[in-house]
Amino acid sequence: MYSHIIVSVDSSHASNRALDEAIKIAKASNATLRIIHVLDDLSISLTANPYAGYYMGELIETLRRGGQEILNQARVRAASAEVPVETILADDLGLSVQERIIEAAQEWPADLIVMGTHGRRGIQRAMLGSSAEGVTRMSPVPVLLVRAA
């Protein structure tokens, strides 16, 4: 069935549900799970406060530490289900979230991508975009979208 499953996490409810689903599939398939957290230019610019008085390098380092903590928590969940697990912190800026996930899936190579989706519509979707939609459109492998409750 599947031997290499990649799941994107960001600590949102939707990504936590996607992680749970990816763990179930990996366990049933005896697959290895690769968990990825992506830092991108957009998330950094949305987090940055021009009046905060810190340097961009400090902000990026704080986001890296936060991303590593998200990955560590996800790794513990997968390992407790006895699923072989690896993690990736993609912090090499310059690529969008969807481009980085697709690139990571191709390099490994994954045979399934699992992602959470918030199911935004209308103006929210137009303003924020959809990484899940972008991955679905561009992916050379199957993509499973898990919707937030």
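What follows is a walk through the fold, the cores and the salt bridges of a predicted model.

Starting with the overall picture, the protein comes to six helices and five strands. Read from the N terminus, these elements run β-α-β-α-α-β-α-β-α-α-β. Of the 149 residues, 38% count as buried. The accessible surface comes to about 8200 Å², and carbon and sulfur atoms hold 52% of that. Contacts reach well along the chain: among those between residues at least 6 apart in sequence, 75% join residues at least 24 apart.

The five strands make an open sheet, ordered S3-S2-S1-S4-S5, with parallel pairing. At the edges sit S3 (85-90) and S5 (143-147), each of which pairs on one side only. From one strand to the next, the twist averages 20°. Strand S2 (residues 32-38) pairs with S3 over six bridges, in the parallel sense, and Ile 35 has Thr 87 of S3 as its bridge partner.

Now for the inside. The largest nonpolar core has 21 residues, and those with the most contacts inside it are Ile 5, Val 7, Leu 19, Ile 23, Leu 33, Ile 35 and Val 114. Two or more residues each come from S1, H1 (13-29), S2, H3 (56-80) and S4, with H1 giving the most, six residues. Ile 5 shows how these pieces come together: leaving aside neighbours within four places in sequence, Ile 5 is in contact with residues including Ala 22, Ile 25, Leu 33, Trp 108, Leu 112 and Val 114. There is also a second, separate core of 16 residues, which includes Ile 101, Trp 108, Ala 110 and Met 115.

The buried residues of H4 are Val 97, Gln 98, Arg 100, Ile 101, Ile 102, Ala 104 and Ala 105, and what covers them includes S1, S2, S3, S4 and H6. Over in helix H3, Ala 79 is partly exposed, at 43% relative accessible area. Ala 79 and Leu 33 are 46 residues apart in sequence, yet their C-alpha atoms are 9.8 Å apart in space.

On to charges. Side chains of opposite charge can pair when their charged atoms come close. The structure holds seven salt bridges. In helix H1, Glu 21 and Lys 24 lie three residues apart, about one turn of the helix, and form a salt bridge with the closest N and O atoms 3.7 Å apart. Glu 21 is partly exposed at 28% relative accessibility, while Lys 24, at 53%, counts as exposed.

Arg 100 has a relative accessible area of 10%, so it counts as buried; Glu 103, at 28%, is partly exposed. In helix H6, Glu 133 and Arg 137 are four residues apart and meet at 3.1 Å, N to O. Glu 133 is partly exposed at 28%, whereas Arg 137 is exposed at 60%. Finally, Glu 61, Arg 64 and Asp 91 are linked in a network of salt bridges.

Conventions: Residues are numbered from 1 along each chain as its sequence is written. This is a predicted model: local features need pLDDT of at least 70, side-chain atom pairs count only at pLDDT 80 or more; totals for chains, interfaces and linings use all residues. Side-chain values use heavy atoms; hydrogens and water are left out. Two strands pair if DSSP finds at least two bridges between them. Axes are lines fitted to C-alpha atoms, for helices over the stretch in contact, and angles run from 0 to 180 degrees between N-to-C directions. A nonpolar core is a set of buried Ala, Val, Leu, Ile, Met, Phe, Trp, Tyr and Cys residues joined through side-chain atoms within 4.5 Å. Buried means under 20% relative accessible area, exposed over 50%, partly exposed in between (1.4 Å probe, protein chains only). Contact means heavy atoms within 4.5 Å. Accessible areas come from the Shrake-Rupley method with a 1.4 Å probe; for residues, only the protein chains shown count as cover. A salt bridge is a side-chain nitrogen of Lys or Arg within 4 Å of a carboxyl oxygen of Asp or Glu.
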